[in-house]
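Thanks for coming, everyone. Let me put the chain on the screen, and then we will walk through its side-chain contacts.

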Amino acid sequence: SCSHTYDDPSTNSVKLTVTVGAASASLTRADYINVSPNTMFVRAASTTAAYPYMTWETAASNLATAVGIAATGSRIIVSNGTDTAAASFNVPFGAVVEGLTGNPDDVVINMDGRYNYVMNDPDAVLSSVKIVFGSAAMGGGVRIGHLGGTLTNCIVANCYVAEYDCQGGGVLAQGAKSLVTHCVVTNCTVWGEGDYEGEKAC
């Protein structure tokens, strides 16, 4: 067996070589191991962004970049402003994403009428942000999967779902370990038919 310790945040390729006598074979996996920072910062439209985004001066310019390299235990702090999503956020691990000031009106994530925020881990947290104009088949603004997650001190507004058997125009919490607390869900709708027709907001 062999082991290697990575001391700093980085994305690393791995090469395994097996030798038997005079013969050998190698397999390389590019960007196979991601060592995530403990804390990352996001500042909308930052012009000085630099990996691994561990200071305000080098903060990521959008939340998607930070989420993309996060892992269980990562903390992502988002500064004031509006971040317009270019895709849905998928967080199947225990990362914590939080607005800087604690006032969700200060940190707005605009889902552009096409996307939503999905978390599916009991340790995942989304806190102190405002989600607007989200849309998806399930959970127009935020979807908490069967494995759980926490949505706290957030505003979810002007979101919708529009599919057959769609659920949760604003927020859909699916599992026993899903928690929605101290949130405002407003002006969110369901446009669809099926068993869940008419389920509005959460």
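Start with Arg75. Arg75 is partly exposed, with a relative accessible area of 37%. Here, buried means under 20% relative accessible area, exposed means over 50%, and partly exposed is in between, using a 1.4 Å probe and protein chains only.

A word on what you are looking at. This is a predicted model, where local features need pLDDT of at least 70 and side-chain atom pairs count only at pLDDT 80 or more, while totals for chains, interfaces and linings use all residues. Residues are numbered from 1 along each chain as its sequence is written, and side-chain values use heavy atoms, with hydrogens and water left out.

Back to Arg75. What does Arg75 form a salt bridge with? The partner is Glu98, and the closest N and O atoms are 2.9 Å apart. A salt bridge here is a side-chain nitrogen of Lys or Arg within 4 Å of a carboxyl oxygen of Asp or Glu. This pair links distant parts of the chain: Arg75 sits in strand S4 (residues 75-78), Glu98 in strand S7 (residues 96-99), 23 residues apart. Helices (H or I, at least four residues) and strands (E, at least two) are DSSP runs, numbered from the N terminus.

How many salt bridges are there by this rule? The count is three.

Next, Lys130 and Asp105. Their side chains meet in a salt bridge at 3.5 Å, N to O. Again, distant parts of the chain are linked: Lys130 is in strand S11 (residues 130-132), and Asp105 is in the loop between S7 and strand S8 (107-110), 25 residues apart. Lys130 is partly exposed at 22%. Asp105 is partly exposed too, at 44%.

Then Arg114 and Asp112. That salt bridge has an N to O distance of 2.4 Å. Asp112 is partly exposed, at 33%.

Now the rings. The structure holds three aromatic pairs. Rings of Phe, Tyr and Trp (its six-membered ring) pair if their centres lie within 6.5 Å; planes under 30 degrees apart are stacked, over 60 edge-to-face, and the rest tilted.

One of the pairs is Phe41 with Trp56, tilted, at 4.6 Å centre to centre and 50 degrees between the planes. Phe41 lies in strand S3 (residues 39-42) and Trp56 in the loop between S3 and helix H1 (63-69), so the pair ties together parts 15 residues apart in sequence. Is Phe41 buried or exposed? Phe41 is buried, at 15%, whereas Trp56 is partly exposed, at 27%.
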